[in-house]
Amino acid sequence: MISSVIFASIAVYSWKLLGYLIPARYITASRQQLAERITVSLLAALVVLQGFAFQNSIVLDARAASLAVAAALLALRVPYILVVLAGAFTAAGLRALGF
Amino acid sequence: MKANMTKQVISTSVSVGIATGLYGVSFGAIGAAAGLSVPAVMLLSLLMFSGASQFAFVGVIAAGGAPITAISSAWLLGVRNSFYAIRLSPVIGPRGLWRLLAAQLTIDESNAVSAAQEQPKDQKLGFWLTGVAVFIFWNFATFLGAIGGNLLGSVETWGLDGAAAAAFLGLLWPRLRGSIWLAAAGATVALVAIPFTPAGVPVLLAAAIALLPFGGKK
């Protein structure tokens, strides 16, 4: 696992360094937009994976409630850390109640 | 007036550092709950040092994904840092070794604080101060979270899986403006792919969706 972590870290660092090495003329608006698009669709997929996946099946459990609460708080512009805590609290609370 | 601006850059940088550090606690706890050792979780914060990529890495591992899918997900999420670096390159200046260090500190927060300043001097100061502040608080917080997460034990009892889901939604939220259809498409692809592909692959398929010319910003 440690070697995977190091390898992944080098991979992420390579993007950062690349930006300092390439001349500005290779940067186009469309490439910049593509980076933003990849970020959005990856994060959306990670929300689904973390919220609804259990191994190879899709399940509806306490995590779905965490997401609903988080969405409501984000819409109210509640700070990020409180949103994350509310996510934990919701799932833990529902399970303690036996859901 | 100028001294005031500098003072304001310092206070912004430190506040951003503290706020980001706070959620480093959740990263540490979620990482430990995903089954990673404390050193592995710490290495992610010290070496990878890019929140979304780190969450993606432990998220895929927690879902039972292969290391290569975890690595690819983290790597793809890091692509935006390249564009921050391009913007920051003239701000940081040409000195070699400093650029290697600047690269490591090039993240959402340091770029955002820098971009918000008017004077080049403040842009540079904002970048370095925020980068260093976030690095210190983020790593300290990760350590506390990882130790705490290990002591807590069960992911489900403490709702750490719910916290991770909320964490990803929180990262996605500010990017949704104008990109709601793209996000919906990414989510749908992942949902459809989950039953048919190995863990982690749905995330990579969603990344591929971003290459198609539809939805999102123009």
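In this predicted model, B:Ser45 touches B:Gly24, B:Gln54, B:Trp138, B:Asn139 and B:Thr142, leaving aside residues up to four places away in sequence. B:Ser45 sits in helix α2 of chain B, which covers residues 38–48. B:Ser45 and B:Asn139 are 94 residues apart in sequence, yet their C-alpha atoms are 5.8 Å apart in space. Is B:Ser45 buried or exposed? It is buried, because 25 other C-beta atoms lie within 10 Å and 20 or more are enough to count.

Move on to B:Phe49. This residue lies in the loop between α2 and α3 (51–62) of chain B. Its phi is positive, about 40 degrees, although B:Phe49 is not a glycine. B:Phe49 counts as buried, because it has 24 C-beta neighbours inside 10 Å.

Now take chain B as a whole. It is divided into domain 1 (2–175) and domain 2 (177–218). The centres of these two domains of chain B, taken over C-alpha atoms, are separated by 23 Å. Where they meet, 12 residues of domain 1 of chain B are in contact with nine residues of domain 2 of chain B. Which helix supplies the largest share of the domain 1 side? Helix α4 of chain B (residues 67–77) does, with five residues. By class, that side of domain 1 of chain B has six nonpolar residues, five polar and one charged.

Chain A also has two domains: domain 1 (1–53) and domain 2 (60–99). Their C-alpha centres lie 27 Å apart. Confidence can be read per chain and per element. Chain A has a mean pLDDT of 89, and 100% of its residues reach 70 or more. Within chain A, the mean is lowest in α2(A), at 84, and highest in α3(A), at 96.

The two chains meet as follows. On chain A, 63 residues are in contact with 79 residues of chain B. Elements giving two or more residues to the chain A side are α1 (2–21), α2 (29–52), β2 (57–58), α3 (62–75) and α4 (80–96) of chain A. α2(A) gives the most, with 20 residues. The chain A side that touches chain B has 43 nonpolar, 15 polar and five charged residues.

The core comes next. In soluble globular proteins, nonpolar side chains tend to be buried together. The largest nonpolar core here has 115 residues, and A:Ala45 and B:Phe168 touch the most other members. What does B:Phe168 touch, not counting residues up to four places away in sequence? Its partners are A:Leu43, A:Leu46, A:Val47, A:Gln50 and B:Phe55.

A:Arg77 is placed in the loop between α3 and α4 of chain A. Its phi is positive, about 65 degrees, although A:Arg77 is not a glycine. A:Arg77 is exposed, because 8 other C-beta atoms lie within 10 Å and the limit for exposed is 12 or fewer.

Then comes α4(A). At 1.5 Å a residue, its 17 residues should span 24 Å, and the end C-alpha atoms of α4(A) are 24 Å apart, so the two agree. Buried residues in α4(A) include A:Tyr80, A:Val83, A:Val84, A:Leu85, A:Ala86 and A:Gly87. Further along α4(A), A:Ala88, A:Thr90, A:Ala91 and A:Ala92 are buried too. α4(A) is followed by A:Gly98, whose phi is positive, near 95 degrees.

Terms used:
Residues are numbered from 1 along each chain as its sequence is written. Chains are lettered from A and ligands numbered from 1 in the order in which they are written. This is a predicted model: local features need pLDDT of at least 70, side-chain atom pairs count only at pLDDT 80 or more; totals for chains, interfaces and linings use all residues. Two residues are in contact if their C-beta atoms, placed from the backbone, lie within 7 Å. Helices (H or I, at least four residues) and strands (E, at least two) are DSSP runs, numbered from the N terminus. Ala, Val, Leu, Ile, Met, Phe, Trp, Tyr, Cys and Pro count as nonpolar, Asp, Glu, Lys and Arg as charged, and the others, Gly among them, as polar. A nonpolar core is a set of buried Ala, Val, Leu, Ile, Met, Phe, Trp, Tyr and Cys residues joined through C-beta atoms within 7 Å. The expected span of a helix is 1.5 Å times one less than its number of residues. pLDDT is the predictor's confidence in each residue, from 0 to 100. Domain bounds come from an automatic or database domain assignment.
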